[in-house]
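Subject: Structure handover, with notes on how the chains meet

Dear colleague,

I am passing on the structure that we spoke about, and I would be grateful if you could look through it alongside the notes in this email.

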8 protein chains.
Amino acid sequence: MKKVAIVMGSSSDLRVMEEAVKVLRELGVETEVDIVSAHRTPQKMFDFAASAHEKGIGVIIAGAGGAAHLPGMIASLTPLPVIGVPVKSSNSIDGWDSVLSILQMPAGVPVATVALDGARNAGILAAQILAVNDEILREKIMRFKKELEDKVTIMSEETRAKFQ
Amino acid sequence: MKKVAIVMGSSSDLRVMEEAVKVLRELGVETEVDIVSAHRTPQKMFDFAASAHEKGIGVIIAGAGGAAHLPGMIASLTPLPVIGVPVKSSNSIDGWDSVLSILQMPAGVPVATVALDGARNAGILAAQILAVNDEILREKIMRFKKELEDKVTIMSEETRAKFQ
Amino acid sequence: MKKVAIVMGSSSDLRVMEEAVKVLRELGVETEVDIVSAHRTPQKMFDFAASAHEKGIGVIIAGAGGAAHLPGMIASLTPLPVIGVPVKSSNSIDGWDSVLSILQMPAGVPVATVALDGARNAGILAAQILAVNDEILREKIMRFKKELEDKVTIMSEETRAKFQ
Amino acid sequence: MKKVAIVMGSSSDLRVMEEAVKVLRELGVETEVDIVSAHRTPQKMFDFAASAHEKGIGVIIAGAGGAAHLPGMIASLTPLPVIGVPVKSSNSIDGWDSVLSILQMPAGVPVATVALDGARNAGILAAQILAVNDEILREKIMRFKKELEDKVTIMSEETRAKFQ
Amino acid sequence: MKKVAIVMGSSSDLRVMEEAVKVLRELGVETEVDIVSAHRTPQKMFDFAASAHEKGIGVIIAGAGGAAHLPGMIASLTPLPVIGVPVKSSNSIDGWDSVLSILQMPAGVPVATVALDGARNAGILAAQILAVNDEILREKIMRFKKELEDKVTIMSEETRAKFQ
Amino acid sequence: MKKVAIVMGSSSDLRVMEEAVKVLRELGVETEVDIVSAHRTPQKMFDFAASAHEKGIGVIIAGAGGAAHLPGMIASLTPLPVIGVPVKSSNSIDGWDSVLSILQMPAGVPVATVALDGARNAGILAAQILAVNDEILREKIMRFKKELEDKVTIMSEETRAKFQ
Amino acid sequence: MKKVAIVMGSSSDLRVMEEAVKVLRELGVETEVDIVSAHRTPQKMFDFAASAHEKGIGVIIAGAGGAAHLPGMIASLTPLPVIGVPVKSSNSIDGWDSVLSILQMPAGVPVATVALDGARNAGILAAQILAVNDEILREKIMRFKKELEDKVTIMSEETRAKFQ
Amino acid sequence: MKKVAIVMGSSSDLRVMEEAVKVLRELGVETEVDIVSAHRTPQKMFDFAASAHEKGIGVIIAGAGGAAHLPGMIASLTPLPVIGVPVKSSNSIDGWDSVLSILQMPAGVPVATVALDGARNAGILAAQILAVNDEILREKIMRFKKELEDKVTIMSEETRAKFQ
C-alpha cells in the first residue's frame, strides 16, 4: 500500500496536523511527516511535490494558514490527489483566508479541501482514497464508521436517561 | 477501472455539474450521472449511498447549492471518498451557504470539497484518486497538466507580442 | 397535548440545547430528548424522523453545529414542523456555517431557524406552535411574555434610580 | 381551521411573498394578505399584531428586507408563532442585513426564520404548524412531499437517459 | 438646552452605554437614562418614542445588540434625530447582526449609526447636534477636540523619545 | 435656519447623493453641494471642513465609496455633526468597504452613518437635526412621516383587494 | 531606470491588468508584460521570479484571481518588492478569495496588496517605488497627483453650477 | 540611504507596529517613529505627509485600526510609497474594517497594504523598496530570506525525527 505524506508550512501547525497522522496510524496506513514551506522553502516544496509520486506516496495532505499556498502549489506540481487542511493560525482572519486560498483553486488544479482545522478528516479521506482499490482498508474504514455510530449510541442512552 | 458516480439534487445543477462528466470522459473514466435529492428523495439518496461501493463505483461526486446536504449525507453512508461541489444556485447567498455546508463536516465524515461551481476540478480530482493505483490513468493526468501548461505558453507568446 | 422532541448530534450540544428543555418544562410541555447524528447514525436519524409524527410528537427541535445537516434532513423525512438551532460548536467558523446550513433550505422543505445558540427561543416557538389550538397553553405563553415585561420594568427602575 | 396572515412592509415585497399565498391555497389553507410597515405604520403594526390571535389567525408570516424589523416586532406583540421571510430587497447588502435582523432575536421572542426570499417555505411551514392537530391537512402535506419526490424521479430518469 | 435620552434594551447593555452618559455629563448636557425593550416592553417603547419630543428631549440615543430593533423602531415613532449604538452582546454574531439591523434602515426613517460599542461617540454626536444652535456647547466641543489632540501630542513625544 | 452642505468625492456619486438634496429641498432646507475629495483634493477638504461652521452651515453630509475617508476626515476637522453616506461605487466590494470605513470611527470623532446608498435618509436626518430647535421644520418632518404612512395605507388597500 | 514586470495567470486578466501598463507608460516607466501561471506553469513562474532582479527589473506587479497564489509565490522567490493585484475573476467569490489569498502573507514574505481590480494603483505604486531614488520620476508623480486634483476642481465647478 | 518613517494613530498600536522597527534595524535601515493621528491631529498628519519626501524619508509605514484612514490620507499627500498596516485594534470588527479601509483606495492613490497586524512584513517591504537601487541592502534581504529557509530546515529535521 502506498504511503500518505503529511506536510505543513511550520511546526506550529503540528498541533492541528498531527490528528491526520494519528488517524492514519489507527487505520494502519504508513505516513511520512515533514515541514515544507511554500514561501520560505520554495525549492524544497518544488522538489518534494514534483517527485512524490515516484517515491511510494499515494496521497499528499498539506496544511497551511493565512494566505495558504502550500496545498495549491503542491497540487500544481504533482499528479497525485492533494488534500488541503485550512489551519486557523494566529495570523489568520478567523480562518477565512486559509479556507478561501486553499478551496478556490482554478480549473485544472483541484485541491480536496476539508474543514477548518479538519486534519483528522484529511487523514480519513486519505485512507478512503487508498481504499478505493484495497478491500482490507475499506473494511477498516467501515469498522471505523461503525465505532463512530456506537459512540453516539452510548451518548444517546446517557442523554435519554438524564432527561427521563 | 472503477466508475465515478456524479449526482446532484436537481437537473438545474447540470449546467455546472456536466463539466465533471466532460473532463472524466476526456480522461477515459467511466461515469454514471443521476439526480438524487437529499431533501426530496431521502430514501433514494440513502439507498444509493449505502450500496455505491458494491456497484463498481470508486468515487462519488455530489453537487448541491444553498443548504447543501447531499455531499455530506452521502459521505455519512458510504466508505468511498466523496467529492463535494458547492453550486452557486439561484437560492444561494453568493455561494457562501453552499461552500460552508459542504466544507465544514464534523470529524469522522470528510467531504473533499472543491471550489464554488468547481465541477471540472471535481472530475479531475476523481481521476487523480482512481489513478493512485493506475499508471495509465496517471500518465493521462500528467499529459492533461502538460496541455494546461501549453495553453499558457501560447497565451504568453501572444501577450508578449501585444505589449512589445 | 403532543410532545416536543429535542434532538442533537452530540452530547456536547447539550450545554446549549437544554435551554429548550428547560423552558418547555416551565410551560408544562412534555419533552423527549435524544442524541441523533445525521452523519454518524444516519439510519437512526432516518427512522426517528420518518416515524415521529406517529409517536405523539407534535414538533421537533434539532440542534447542530458546523455543516449542520440534522435539522434539514429531519425536515425532509417528517410532515411535522422542524425547528433548527444553529450551535456555535468548537469546529464552527464563528457560527456562520451552522446558521447557513440550517437556514438556507431549498423550496419544499422548510426549517424554522432560530438565532445562533437560540435553544431557549426554539423551546418557546415549539410551545407557540402547540398553542395554536390550545387556549390554556396560549394563556401560559402570554403570562410568560408578561413576566419578560416585568423583568424589564424592574431593570428600568433600578437604572433610572442609578442615573438620577 | 385557523387562517394564516401574510404581511409585508411594502407592495414591492409581493413579488417574493405571494409564493407563500400560492402554496397555502394549494394546500387549502385560508389566508389574508396585507401591507403593514413596522417603520412607516407602527401603530397599525401594533394593532394588527396585538389582536391577530383574537381574529381567527393561527400563524403570521411576515416578510421584510434591509433592517427587517417587522417579523420581530410582530413577534414581540403576539402569542402566535411568527414566521419571518428575509427579503433580498434593492436596499439590502446581498441579503445579509435582512437575514440577521430577522434571525438573531433575543431570548424570549422567537421568529421562525426561513431562507432568503424563502416565502414558499414560509407557507409550507405555516401549513405544517396548522397540521399539528389536523390529520387532514397533514395528509395533504405528505402528498405534497410525495409530489416533490415524484418530480425528482422524473428528472432522474431524463438525466440518466441523457448521459447513457 | 434640551436633554439627551439614552435608552437600551437591557441593563446588561449599561456596561457599553454608560460611556454616552459620561461624555455628555463632561460636556454639561443633561441626560435621562432608561431601560426600554422593543421586544419585551413594546408598549412602553411606543409611548416613550411617540412623546419624547414633547418632554424636553432633543436627541435620543438607543443601544441594542443582536437583531437590534430598538433604534429603528424609536426612529419610526419620533420626529427627533435618533442615534443607534450597535452593541456586541453575548448573543451577537461578532456584532454584524447588531450593526446591520441598526444601519440598514429603509428610506424615510434614518438612524444615525455609530461604531460597534461606540457609545462614547454617540454621546459626542448628540452634543454636536445640540450645539448646532448653541455657541457655548460648540465651544466646549472644540475644546474637547483640542484635548484629544493634546493627548496625541503627549503620546507622540513619549514615542519619539523611546525610539530615538 | 442653517444650511446643509452635501459633499462627495466624485461627480459619479451624484447619482446617489442627489437624493439628499431632493428631500432637503422638499422640506425647505437650504443646501450647498460640492465635490470635495479626501484623496485627490486633501487641502480643499481640509479648508472646507475647518471653516464650515463659520459659514452658516449646520450639518455636513458626506458621501463616499470604497476606502471612504471623506466623512471621517471632515468629522476630524469640524465641530459640526457629520452624516456619512456609504456609496456602493464600482470599485467597492459589495459596499462592505464603504460601510466599514465610514462607520467604525474611533472614540472622539463620530460620524452619523446611514444605510448603504442611503442619501435620502441622510437628508431627512439632517433636517431632523436642524429641527431640534425649530418647531416649524419639525412640523414639516411630522407631516412627511404622515405621508409615508398614507402611502402604505394605499398599498394596503390595493393589496387586500387583490388577494380577497 | 529599472523596468516594471507585469505578470498575470491568464490572458483573461489582461482586461484588468493593462491599466497598470497604461499608467506606467504615461509616467515613462518601461514595462514588460507576460502570462505566468503559478498553477499551470510553476517551473516558468519559478524561473521568472528567481532571476527577475538580475534582468533589470526593479518591481514586479502580479495579478491573480480566486485562490491567487502568483503574487505570494513570486515574493517567496525574489528579493524585489512585489505588488499584488487581486482580480475579481469569474471563478471568484465576490473577490474575497483573491483579496485574502494575496494580502494575508505570513511574516517574512510581504506582498504589497492594492485594491480589488486595482491595477492602475499597482502601476502608480510601482512608479512611486522607482521614484524613491529618482527625482525626475518623482516630479512626474507629483504632476500626476496635481492633475487628479485639477479634474476634481472641474467636477466641483460643474456640480456647484448645477445645484445653484 | 533614505530613512523609513513609521507612524501610527495611537501608542496602543506600538505593540503591533514595533515589529516593523525591529526588522528594519536588523537590516540596518534607519527609522523614525511617531504618533500621528488622522482623526485627532489632522493638521500634524497633513504637515508630516506633505513634507516627508523633503526630509530624507524614502518610504512611509502607517498603521491604523477600525476606520483606518491614516495610511490613505498620508498617501494622498505624499509622492512617496506608503505601506499600510491594518491593526486589529480593540474597536475593530475582527479586523475587517481595518483591512478594507486601508486596502480599497480609489484609483490614483495607492496604499501598499500588508496582512492584518503584519508590521514585520511592512518593515521587510520597506527594505525591499529601498533595496531596488541598493545592492548591499538587497544582499542583506537575500541573506534574510536564506535564514528563513534555514529555520524551516531545522523545523523539518526535528519533525521528521519526531514522526519516524
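The notes below go through the contacts between chains, the relations between copies, and some pairs of side chains.

Please keep in mind that this is a predicted model, in which local features need pLDDT of at least 70 and side-chain atom pairs count only at pLDDT 80 or more, while totals for chains, interfaces and linings use all residues. Residues are numbered from 1 along each chain as its sequence is written, chains are lettered from A and ligands numbered from 1 in the order in which they are written, and side-chain values use heavy atoms, with hydrogens and water left out.

Chain A and chain B

I begin with the contact of chain A and chain B, to which each of the two chains brings 41 residues, contact meaning heavy atoms within 4.5 Å. The area buried between them is about 3500 Å², and carbon and sulfur atoms give 62% of it; buried area here is the accessible area, taken with a 1.4 Å probe, that two parts lose on being put together, summed over both. Of the area that chain A buries against chain B, 16% is supplied by Pro79(A), Pro110(A) and Val132(A), which is more than any other three residues supply.

Between chain A and chain B the count of salt bridges is 0, where a salt bridge is a side-chain nitrogen of Lys or Arg within 4 Å of a carboxyl oxygen of Asp or Glu. Across the same interface, however, there are 20 residue pairs in polar contact, with both residues at pLDDT 80 or more. A polar contact is a pair of N or O atoms within 3.5 Å; within protein, one must be able to donate a hydrogen and the other to accept it, and residues adjacent in sequence count only if both atoms are side-chain atoms.

Several elements of chain A each supply at least two residues of the side that touches chain B, namely helix H3 (70-77), helix H4 (96-103), strand E5 (112-113), helix H5 (119-130) and helix H6 (135-162); helices (H or I, at least four residues) and strands (E, at least two) are DSSP runs, numbered from the N terminus. H5(A) gives the most to this side of chain A, with 7 residues. By class, the side of chain A that touches chain B divides into 27 nonpolar, 10 polar and 4 charged residues, with Ala, Val, Leu, Ile, Met, Phe, Trp, Tyr, Cys and Pro counted as nonpolar, Asp, Glu, Lys and Arg as charged, and the others, Gly among them, as polar.

How are chain A and chain B related as copies? Chain A can be laid on chain B with an RMSD of 0.0 Å by a turn of 180 degrees and a shift of 0.0 Å along the axis, the copies being superposed by least squares on the C-alpha atoms of residues with pLDDT of at least 70 in both. That is the relation of a two-fold axis. Because 100% of the interface residues of chain A are also interface residues in chain B, the copies meet through the same surface.

Chain A and chain H

In the contact of chain A with chain H, 17 residues of chain A meet 14 residues of chain H, and the area buried is about 1500 Å², of which carbon and sulfur atoms give 63%. The count between these two chains is 2 salt bridges, and Lys162(H) forms a salt bridge with Glu18(A), with the closest N and O atoms 3.7 Å apart. Helix H1 (14-26) and strand E2 (31-35) of chain A each supply at least two residues of the side that touches chain H, and H1(A) gives the most, with 4 residues. This side of chain A has 6 nonpolar, 5 polar and 6 charged residues.

Chain A can be laid on chain H with an RMSD of 0.0 Å by a turn of 90 degrees and a shift of 0.0 Å along the axis. The two copies are thus related as by a four-fold rotation axis, and the C-alpha of chain A nearest that axis is that of Asp94(A), 5.4 Å from it.

Other chains

No contact joins chain A and chain F, whose closest C-alpha atoms lie 16 Å apart.

With best regards
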